[in-house]
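Hi everyone, thanks for coming. Let's have a look at a structure together and follow how its pieces pack.

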Amino acid sequence: MRSCKQVCYRVIALLLCLCINSHPCICTVMIRKNLINCNLIREKRSSKSIFDSFIKSFRPEEEACPVCRRKGDCRIHAYYSRYIIDFIGGKPVAVLIRIPRVICSCGHTHAILPDPIIPYDCYSLFFILRVITEYCLKLRTVSALCERFSITPSMLYRWLKLYRNHRSQWQGVLKAASQPLLDSLKDLIRINPFRDHAYSFFQLTGRSFLQSHKNPALSLRSG
Ligand SMILES: [Zn+2]
């Protein structure tokens, strides 16, 4: 039986996701920024912290337009706010971030999304990987795990299915079939730097790692 806290949090998360998916800016062509220059074991910062440090050094004029490919013709067009959910201090925490949107001289606009943010998802990459890892460690029942992360069992199983699917594309079907899930997670968090994995996966599949929704148009990695 779900607790009141869990139900309330799920309602909030659902509203945040609806807000993200209904925002008109999400339809723009995105530019992914692969920023994690170490492995995920060493990356101790929150998604918000990584995002904030990225914003401080962000130079729109250095971006290449994913549509016309010109570099140096982008400038800030607008910002849009969205929530991202991390797991901090033993509980889910939703924080508001302002995503920059640049416009190129060709007229196209592009949302800039750093690594910890999964397109079309309010849960961060770190959050989902932590849920899957704790599931594999089997320290709690599924019910207790969902209570801890304020998620539903269907979300947990959807993420597991997504991880298995993306893992097969990343590792190859044969290795994925023979290696326990937890061992693949250990491999994943040791990839150094993680940005290379993020970049390679995007080049291979056209999606970000653990992104469930298809991109509406061409995206570009840089950074
Ligand atoms: Zn352009």
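Let's start with contacts: among those in the protein chain with a separation of 6 or more, 71% are between residues 24 or more positions apart. Two residues are in contact here if their C-beta atoms, placed from the backbone, lie within 7 Å.

A word on ground rules. This is a predicted model, where local features need pLDDT of at least 70, side-chain atom pairs count only at pLDDT 80 or more, and totals for chains, interfaces and linings use all residues. Residues are numbered from 1 along each chain as its sequence is written.

The protein chain has 8 helices and 5 strands; these are DSSP runs, numbered from the N terminus, with helices (H or I) of at least four residues and strands (E) of at least two. Starting at the N terminus, the order is α-β-α-β-β-β-α-α-α-α-α-α-β. Of the 223 residues in the protein chain, 28% count as buried, that is, with 20 or more other C-beta atoms within 10 Å of their own, those atoms being placed from the backbone.

Now, which residues touch the most other members of the largest nonpolar core? They are Phe127, Ile128, Val131 and Ile132, in a core of 36 residues. Such a core is a set of buried Ala, Val, Leu, Ile, Met, Phe, Trp, Tyr and Cys residues joined through C-beta atoms within 7 Å. H3 gives the most to this core, with 7 residues. As background, nonpolar side chains in soluble globular proteins tend to be buried together.

So let's stay with H3. Its axis and that of helix H5 (residues 153–171) come within 10 Å and cross at roughly 95°, with axes being lines fitted to C-alpha atoms, over the stretch in contact for helices, and angles running from 0 to 180 degrees between N-to-C directions. H3 and H5 are therefore roughly perpendicular, the word for 65 to 115 degrees. Ile128, Val131, Ile132 and Tyr135 of H3 meet Leu156, Trp159, Leu160 and Tyr163 of H5. That contact has 8 nonpolar residues, no polar and no charged.

Methods. A residue is buried if 20 or more other C-beta atoms lie within 10 Å of its own, exposed if 12 or fewer, and partly exposed in between; C-beta atoms are placed from the backbone. Angles under 35 degrees count as roughly parallel, over 145 as roughly antiparallel, 65 to 115 as roughly perpendicular and the rest as oblique. Ala, Val, Leu, Ile, Met, Phe, Trp, Tyr, Cys and Pro count as nonpolar, Asp, Glu, Lys and Arg as charged, and the others, Gly among them, as polar.
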